[in-house]
Amino acid sequence: MGSVGVVEADDSSSVVKEFLQRCEPSGDAAYGELRALLARLHDPATRRDARVFLAALRRHQQQQSSSSAGGGGDRTHENFFRRFGFHIQELLLQGPTTTDITASTFLSTNAAGFQQRKKLTMMEIPSIFIPEDWSFTFYEGLNRHPDSIFRDKTVAELGCGNGWISIALAEKWCPSKVYGLDINPRAVKIAWINLYLNALDDDGLPIYDGEGKTLLDRVEFYESDLLSYCRDNKIELDRIVGCIPQILNPNPEAMSKIVTENSSEEFLYSLSNYCALQGFVEDQFGLGLIARAVEEGISVIKPSGIMVFNMGGRPGQGVCERLFRRRGFRITKLWQTKIMQAADTDISALVEIEKNSRHRFEFFMDLVGDQPICARTAWAYLKSGGRISHALSVYSCQLRQPNQVKKIFEFLKDGFHEVSSSLDLSFDDDSVADEKIPFLAYLASFLKENKSNPCEPPAGCLNFRKLVAGFMKSYHHIPLTPNNVVVFPSRAVAIENALQLFSPALAIVDEHLTRHLPKQWLTSLAIEGRADYNHADGTVTVIEAPRQSDLLIELIRKLKPQVVVTGMAQFEAITSAAFENLLNVTKDVGSRLFLDISEHLELSSLPSSSGVLKYLAGKTLPSHAAILCGLVKNQVYSDLEVAFAISEDAAVYKALSQTIELFEGHTSLISQHYYGCLFHELLAFQIADRHPQQERQPAEVIPQQMIGFSDPAMSTLKAAEFFVPDSTESSIIHMDLDRSFLPVPSAVNASVFESFVRQNITDSETDVHSSIQQLVKDSYGLSADGCSEIIYGNTSLALFNKLVLCCMQEQGTLLFPLGTNGHYVSAAKFVNASTLTIPTNFGTGFRIEPKVLADTLKNVSRPWVYISGPTINPTGFLYSDNDIQELLSVCAEYGARVVIDTSFSGLEYRTDGWSQWNLEGCLSSLKRSKPSFSVVLLGELSFELTAAGHDFGFVILSDSSLAETFHSFPSLSRPHITLKYTFKKLLGLKNQKDEHFSNLMVEQKEELKNRANHLIKTLESCGWDVAIGCGGISMLAKPTAYIGKPFKADGFEGKLDASNIREAILKATGLCINSSSWTGIPDYCRFSFALESGEFERAMGCIARFKELVLGGSGQAQMNGV
C-alpha cells in the first residue's frame, strides 16, 4: 500500500491495477491490502489520499462492469468479487416502500425526517455477511420507530457485519454515537472502510450533516463478542439493535475455534450464519446467542433503554417472544414478513433438535405457503430442490422495571447463571409484576450481601418491624416503634400463643378465627362454676361468637370471659365507634382484647378508611388491648403468610416475643422479607413527616382485676434465658442460640432464588416426602413406609411443641434427660405440661443410661421420653447404634412413647469408633413392647444441608392415633411452597451424592471441627473445664476458675457461679452464652460456636478479656498461646 498515494487522473489506472494484482492471488491477500488501505484511512495525514484512491478503485470496477454489460452486470460484479476478493456497490435507501427488495435497490419505509434519496457506498468481502433480505427486513423494522428513538442517543449494533445498518442509522437519525460491534475482526475492518467511504466524498473531503458533524463523529466499529466492548469500557447504551445468527452450527467443534482475522474465510463467514451453544435454555431453539445478547444488554442499557432484535420465526412466535418476556421485557412487534431460507445455511441441527424433543420448528414451502412444516420436512423438501421460507419479525423490547431487573441479573451473573434457565419475569397482570419483580431484586441483593444468616431477634426482623411501624406512621399517622410490633408466622399462631400466655378459663373467639384452634378448646363445656374449675391441664374453654359488635358485647357482658379475640364486620370497621365500645366493655368486665384487623388493612398507596387505625392515630392503645393482623393479601402467593401484633404495653410486647422464641424459634425470614418489600415499596411513595403528628391522648388506667399471664407462663418467663437484643451502644455476640451463622453456600442461595423466580411450579417439584424418606433411611436406618405420616413445620421446635400438647392430651409425662436444650424444657413448662428429669452425668457424656431410664420409668404413668440424637443437643456427644437400641428396648418394655430429635444430627465431626444408627433393625428386634410404645422421629433439614437461616422441620409419626391427636392442634406454622422447592432440590443433591454438594457438607463439618478445637483451647486456657463433644454446633464447659470469685461490672456485682456468669460476661464483654440454668446441669454453661467467622474471633477475644478482668493476667497472651 506504500504505492497508493495522491492519485492523479493520468496514473490512477496503473495504481489501481497494481493494487488489484496484489489482491488477485487469494482472499487473504486481498484482505491484507484492504487492511493496509484502512491504516492510511485512519491516519489523518493520508486519509484524503486513501479515500481518493477508493473512488478510483470504484470507478475502475464500474468501468469493468460497463465494458462487460453484455454479459450481465450482476454476473460481472460476481466475477470481480471472486477474482479480487472484494467489490464495492451502492445500497439505495429511498422513500417509497416496496416488498421486493434486492441488494442494489433497497427501499426503506417512508418515514418523516428522511427528506431526500440517499445511498450508501459499501464494500463487501467473502468472509463477512453480505446484506440480504434478513438485514433489509431488520432495517425496515427500525424504520417503524419514530425519529426520536435514535436521535442524540448512544446506540450499539450487534453483528454489524460490513457496517451498513450502523452507517444508515447514523445517516438518518443523527444519534450521539453508534458502536458497530462484530466478533469477526475482518468485518470490523471492512466496516471502518465503509464508514470512510460514506463519511468522505470522492475528493476525500468530509460530508457534514445539518448539525455540522460527519459520520466519523457519530460511528465507530469494534471487534467485540456481543457487548463485551461496551461492558469493558463501561459504556451505557440508550439503544441496542441486533441482527445475529439463530441456528446452531451443525459442526459444534468448529465453533470452539478462537476467532482471529487470520482464520479461514469459510470459518469467519460461518459466524454470520451459525451460533455455538451458549449455556441457555434457548439453545435448544437456536436462540442461545440472542438470549446471551439480551442478558448482556440488560447490564449496559440505561433504565429507559430499548432493544430491537431481528427474530427468525423458525422456533415459533411464542418461543421467540418468551425469550424476552421471561427476562422482564415488554415487547412490541414492529414488523413481520416471510423470507427465503438462505441456501447456504444448514438446518440439520434443527432437525436433530426435533428428533430429541417434542418441539417443532416452523418453515413454509416457498413464500406462498401458509401451512407451517417442521424442520425435518423442510430439510427433505430443500434437499429435493424445493425452496423454503420462514417468518422474520422485528421486536422492540423495553424492561418493565429496569432498575430491579438489572439487580436480578447482576445477581445471576455473580455465580448463579444456572438459575437463569428457571427465570420467569413474564406476567399477564401488571399488579403481580409490580409486586414480584421488586421482591426478586431485593432477594437478589439480600442473598448477595449476606453470605451468612443474619442474627435477627425472635420478635421479628428489626427492619421488617421498622417497616410496619413506618407504614402505620406514614399512612395512618400512628406513631409506633419497632418495639410495639411482634411478628408471628401466622395469625393462627399469634392467637394460640396469646391464649397460651394468659391461659384463660374462658375465652370468646370470633367464629371466623377458631378454625386453627385446638379442637379440645372448642369442645370443653367447663363454663359454669369456673371458680373451682381445675385448670391445671392447660385446656382453654373457647366460646365461638358472632362478629357483629352488639351481639358480641352482649356475650361479653353475660359470660365475662378473661380473653376476647375478634374481628370486625366490614360496615362497623369504617368508624371507630364499634372498637371503642369493645374497648369499654372488655375493660369493664376485666377481659383482654385481641382485635384482628387482617381483613381491613390494605397494603396500598391509597388504603381505605379504618376506624381502628383512626382511633390509634388519636389515642394510645390501652394496655389490655392488642391488635392482630395476618398478612396474606399479596398478588402472588396465596399461602405466604406473616402476622404481626401491635401492643403499646411493654410487658405484653415482651411476653408475646418470648412465646415466639419458646414455641417457634423465630418466624421465617423469607416471608418477612417478602412483605417487608411490599411495605418498602409503599413507603417509597411517601415523603417523610409531611403530615404533622397530632397529639395522642394517653391510655386509660386499667383496673387490677384484669387477667395476667398464667402462673406457669410467669414462672417460665422469669426463669428462662431469652434472646438479648443489641443495645443502641453496642451489638451482642450470640453464643446462646440454636442457630447456625456459617456462610451459606451458593448452591443453597441458588435454590432459594430459583424457588421464587420460577412460575407454575408443579406439586411433584415441592413434594419432599420421598426425599425425607430416603434421608432418614440413609442417615438413621429408618423406613418411613406408607403406615407412617410425615408432617412438615417451619421449625422442628414448632413441631416439638405440638408433640408436647399431644402428650398433655394423653395426660402423659415428658421425661427430659438432664442437659436437654433449655428452650425445649421451658416450652413444656410454659404450657404446664407434666415433666420429669432423667439423671445423667459427665462420666457418660450426659447420655441416658438404660438402668437409670428403667428406674425412672417404673414410677411414671404414660411416659414420653425425649432423646436428642444421634448428636445430643446441646452437649455435642453421640449416641451409638448400640446405645439407642438399649434405650428403645427399655422404652418398649414400659410402653413409653419416644421422641427422637435428630434436629442437630448430621453434623458429626469426630466419629472414630461410632456406629451409625439402624433404627429399623433395632425396632424389628425388640422382644417385648407394650401397645402404647411408639417412636416419633423429629428432624430439621437446614443444619446438615448447609441452609442456615432457611429452616424446615419434619416429624414422622408411625402411630395413627397419635397422628390424629397431632392434627387436632391445627395452628402449626408450615413451610411455604418456595422452601419445599428449595429443600427438595437440596435433598436431591444429598441423596444422589452430588460430588460438589457432598464436598460442601464435608467442608461444613470440618469448619465446625476447627471451631470446636479453637473454642476448646480458648476456654481451657482461660480457666474453663470443657466437656468435649463430637458433633453439633455447641458444647458445654464448666467455669471452674471463676466459681466463687467476686466480680463487679456495669450492672453486675456479686460472687460468680455457673448461673450468673452469663450476665457477668454479657455486661463485661458483650458476649452472650447460656448459663447452667439453661442447660439444667449444675455448673455447666453452653457455648454455641456456629458463628460468622468475624463474630467467632470476637467471641474468643471476649472469653480472654473476661478471664483478664476476673483472674488477671494477659488475656492477649492467652490468645496468642491459642
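Two strands are taken as paired if DSSP finds at least two bridges between them. Helices (H or I, at least four residues) and strands (E, at least two) are DSSP runs, numbered from the N terminus. The model is predicted: local features need pLDDT of at least 70, side-chain atom pairs count only at pLDDT 80 or more, and totals for chains, interfaces and linings use all residues. Residues are numbered from 1 along each chain as its sequence is written, and side-chain values use heavy atoms, with hydrogens and water left out.

Three strands form an open sheet in the order 26-27-31. Their pairing is antiparallel. Strand 26 (1025–1027) and strand 31 (1085–1088) are the edge strands, and each pairs on one side only. From one strand to the next, the twist averages 35 degrees. Axes here are lines fitted to C-alpha atoms, for helices over the stretch in contact, and angles run from 0 to 180 degrees between N-to-C directions. Strand 27 (residues 1034–1038) pairs with strand 31 over four bridges, in the antiparallel sense. M1035 stands opposite F1087 of strand 31. Helix 36 (residues 995–1021) packs on this sheet. The helix touches strand 26, strand 27 and strand 31, where contact means heavy atoms within 4.5 Å. The direction of helix 36 makes about 10 degrees with that of strand 27.

A second open sheet has seven strands in the order 19-25-24-23-22-20-21. Here the pairing is mixed. The edges are strand 19 (789–793) and strand 21 (835–838), each pairing on one side only. The twist averages 20 degrees from one strand to the next. Strand 19 and strand 25 (residues 953–957) run antiparallel and are joined by five bridges. E789 stands opposite L957 in strand 25.

Helix packing comes next. Two packed helices are described by the angle between their axes and the distance between the axes. Angles under 35 degrees count as roughly parallel, over 145 as roughly antiparallel, 65 to 115 as roughly perpendicular and the rest as oblique.

Helix 1 (residues 12–23) packs against helix 2 (residues 27–42) at an angle of about 135 degrees, with the axes 7 Å apart. Helix 1 is therefore oblique to helix 2. F19, R22 and C23 of helix 1 make the contact with A29, A30, E33 and L34 of helix 2. These residues divide into five nonpolar, no polar and two charged. In this scheme Ala, Val, Leu, Ile, Met, Phe, Trp, Tyr, Cys and Pro count as nonpolar, Asp, Glu, Lys and Arg as charged, and the others, Gly among them, as polar.

Helix 16 (residues 430–449) and helix 25 (residues 669–684) pack at about 120 degrees, their axes 9 Å apart. The two helices are therefore oblique to each other. From helix 16, the contact draws on E435, P438, F439, Y442, L443 and F446. From helix 25 come I670, H673, Y674, C677, L678 and E681. By class, the contact of helix 16 with helix 25 has nine nonpolar residues, one polar and two charged.

The axes of helix 18 (residues 491–502) and helix 24 (residues 650–663) come within 10 Å and cross at roughly 105 degrees. Helix 18 and helix 24 are therefore roughly perpendicular to each other. N497, A498, Q500 and L501 of helix 18 meet A655, L656, T659, I660 and F663 of helix 24. This contact has six nonpolar, three polar and no charged residues.

A salt bridge is a side-chain nitrogen of Lys or Arg within 4 Å of a carboxyl oxygen of Asp or Glu. By this rule the count is 40 salt bridges. One of them joins D424 to R322, with the closest N and O atoms 3.2 Å apart. The pair links distant parts of the chain, 102 residues apart. D424 is in the loop between helix 15 (402–413) and helix 16, while R322 is in helix 12 (residues 317–325).

Most residues other than glycine have a negative phi, and most peptide bonds are trans. R862 is not a glycine, yet has a positive phi of about 50 degrees. This residue lies in the loop between helix 31 (850–857) and strand 22. A cis peptide bond joins G869 and P870, with omega about 0 degrees. Another cis bond joins N873 and P874, with omega about 15 degrees. P870 is found in the loop between strand 22 (863–868) and helix 32 (881–894). P874 is also in the loop between strand 22 and helix 32.
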